[in-house]
Amino acid sequence: MPASIVELREVRKTYQMGLVIVHALRGISFEILAGDYVSIMGPSGCGKSTLLNLLGCLDRPSSGHYLLGSEDVSQLEDDALSAVRGSRLGFIFQSYNLIQQLTVIENIEVPLYYQGWPEAESRDKARELATRVGLADRLEHKPYELSGGQQQRVAIARALVNDPLILLADEPTGNLDSAAGFEILKIFAELNAQGKTLIMVTHDPNVARHSSRSIRLRDGEVESDLKHGK
Amino acid sequence: MIASPALPAVASPGGANLLDTFAPARLRRTLRLALKSLWLHRLRSLLTVLGIVFGVCSVIAMLAIGEGASYEAQEQIKNLGSQNVILRSVKPPDEQKVSDRANQSFVLQYGLTYTDIKRIRSTIPGVTIVVPSRIMHDYVWNISRRVDCDITGTVPWYPEMRNHHVAIGRFFNEADMASSASVCVLGAEMVDTLFPLDSPLGRDVRIGGGYYRVIGVMEPRSKVPKTDESQAGIQTAAHQMFIPLDTAKTRYGEVLTKQRSGSFEAERVQLHEVTVKVATREQVVAVADAIKAVLSHHHKKKDYDVVVPLELLKRAERTKQIFNIVLGSIAAISLLVGGIGIMNIMLATVTERTREIGIRRALGAKRRDIVTQFLVEAVLLSGAGGLCGVALGIAIPMLVTTFAGMKTIITLWSPLIAFSISALVGVLFGLYPAMRAAEMDPVEALRHE
């Protein structure tokens, strides 16, 4: 039995918007095992983004517990959360979110910079990952010189550079045409086959089909949790 | 069956990381990153820096020019002797009109007399030495070379009193004085004109019909701008030559005639200038007041002038102080303006790069990493501005010295202080934008367009 890598227990998140209290998540509990490829689905406003922010340690739940690995990260201090993000999580965004003034290789190095890696080692590691996503010949290019699909591959390399426990992807194919999107999903499948745990938020059932498990949210609660037969 | 991956240790959020932030390797990368971001907005960075550049440069340049000017003035006043009181004969203005209208035989009589000296010496305590002198204006000749010159007839102790010493040869002595010897000491500035090829010592110069043997040459005196001269009451002629007072008396008599636009003008002046040396510095002002009282009692008209170099010196020092205060305020204001410019730009930069801040936070940057990043940019801006300002501030006084011939003095501390203040401005005004950047919620920052 693979170890559980993410465990949510009765996680709630409420926002105060003016006078109204919004319940974004109303008690969510699930477990994700090492090597899972999970897609989180649901209509807009169902709490997908909130859940992803919590899973990504960008935000803290109002109540409940979030165990990442074996550590409860639900009420950590800001600096500790930064450290968790930097060492255990990899982010892939819909709009790539590369830093425009940095080159491809420098973008890939950013997480290592904050982990305090020495320059030479971090450069080697970044080069290795750029090669892995097929961008070895684009190292000194700026993000705006690349196509959307290439930019997203840089983002994947950046997310992998710190050997994270889980990869978090927010609509990774949302800004791409179907061919480029398919490329990205192929890389995800390879990574999963190598044992990476992936969590992907999407609204597209065709994209979700590539995952091995789909968690469907509705109004801040888990509506369904299905395992796909491959 | 997939093994659970080993958990990487979460870096401790303790103080050890703060040291990491300023480790040389890390700092170098932070600097490079900041340079890159600034380079991305070259024009904006340049314009921001200009405020600091001009602030720093104007402070240094103005200080250097002010320092130079006041040094010259003070040096000039010191040359008069801080223990001296200088009395001068002045042509009374109302009699000048009379002489203009009067017939040629009218002889204008005014000024200080030998009796005045006797009175001062006998009635005022604290007066040690008195140097009387007569000043005649005439041409000095060496065969066919001519110099327009003030000829000062004075006493042997003049050089010591006026702090103006002989460079080569000697000054005339008591014996020359007693025998009314025809000897002279030339001013340094006229030597090149009169004797361009060889040493003037032992040669003769001609004044009118008389010849004088050159026995010495004075040290050169620094040139002074006209305004300072009139303020300090220093002789205006470029060339000066000294002969014994008794020689002057016998050769010239007491009536001097000047030819002026066809008419002759004659005046009888016993002494043109008297330098009184006071025993101690503390007594100078009191003695000067006493001298004024004595003179005003015996001169019906104000045909004399009393110059107290010590007072002039004090006034010059006070002027310099005021100048420094004014400069300091201008410096403070211009650096403040420069600092506000930096803050303004940094705030704009932070807003513009909100998304970048969000990305960095998501990738593991701590708040203090963000603070460092933006603070380093601000300090780089102000530091670069400070450096350029120092370079310009040193160059401008040099140009002024080269082209305007004004003396400038760059004190060591003025560039140091100006530069450190500019760097401090960067820290102070960069801190608030940097804090704002760090306080942003990563979720909000990532959502920012």
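Biologist: What makes the six strands β6-β7-β8-β3-β9-β10 of chain A an open sheet?
Modeller: This is a predicted model, so everything here is computed from it. Look at the edge strands, β6 (89-92) and β10 (221-227) of chain A. Each pairs on one side only. The pairing in this sheet is mixed. Neighbouring strands are turned by 20° against each other on average, direction ignored.

Biologist: How do you know that β7 and β8 of chain A pair?
Modeller: Two strands pair if DSSP finds at least two bridges between them. Strand β7 (residues 166-170) and strand β8 (residues 197-201) of chain A have five bridges, in the parallel sense. Therefore they count as paired. Within the pair, Ala169(A) stands opposite Met200(A) in β8(A).

Biologist: How do you know that the span of α11 in chain B agrees with a helix?
Modeller: Helix α11(B) has 15 residues, 284-298. At 1.5 Å a residue, they should span 21 Å. The end C-alpha atoms are 21 Å apart, so the two agree.

Biologist: Why do the buried residues of α11(B) line one face?
Modeller: Val284(B), Val287(B), Ala288(B) and Ile291(B) are buried. Seen down the axis, the buried residues of α11(B) fall within an arc of 100°, so they line one face of the helix. These buried residues pack against several elements of chain B, including β3 (127-142) and α12 (309-352). The face turned away carries exposed Ala293(B), Ser296(B) and His297(B).

Biologist: Which residues of α2(B) are buried, and what makes them so?
Modeller: A residue is buried if 20 or more other C-beta atoms lie within 10 Å of its own. Leu33(B), Ala34(B), Ser37(B) and Leu38(B) are buried. The buried residues of α2(B) fall within an arc of 135° seen down the axis, so they also line one face. They pack against α3 (42-80) and α14 (367-404) of chain B. On the face turned away, the exposed residues include Arg28(B), Arg32(B) and Trp39(B).

Biologist: How many residues make the contact of chains A and B?
Modeller: Chain A gives 33 residues and chain B gives 28. On the side of chain A, α2(A) gives the most, with ten residues. That side divides into 15 nonpolar, eleven polar and seven charged residues.

Conventions. Residues are numbered from 1 along each chain as its sequence is written. Chains are lettered from A and ligands numbered from 1 in the order in which they are written. This is a predicted model: local features need pLDDT of at least 70, side-chain atom pairs count only at pLDDT 80 or more; totals for chains, interfaces and linings use all residues. Two residues are in contact if their C-beta atoms, placed from the backbone, lie within 7 Å. Helices (H or I, at least four residues) and strands (E, at least two) are DSSP runs, numbered from the N terminus. Ala, Val, Leu, Ile, Met, Phe, Trp, Tyr, Cys and Pro count as nonpolar, Asp, Glu, Lys and Arg as charged, and the others, Gly among them, as polar. The expected span of a helix is 1.5 Å times one less than its number of residues. A residue is buried if 20 or more other C-beta atoms lie within 10 Å of its own, exposed if 12 or fewer, and partly exposed in between; C-beta atoms are placed from the backbone. The arc is that of the directions from the helix axis to the C-beta atoms. Axes are lines fitted to C-alpha atoms, for helices over the stretch in contact, and angles run from 0 to 180 degrees between N-to-C directions.
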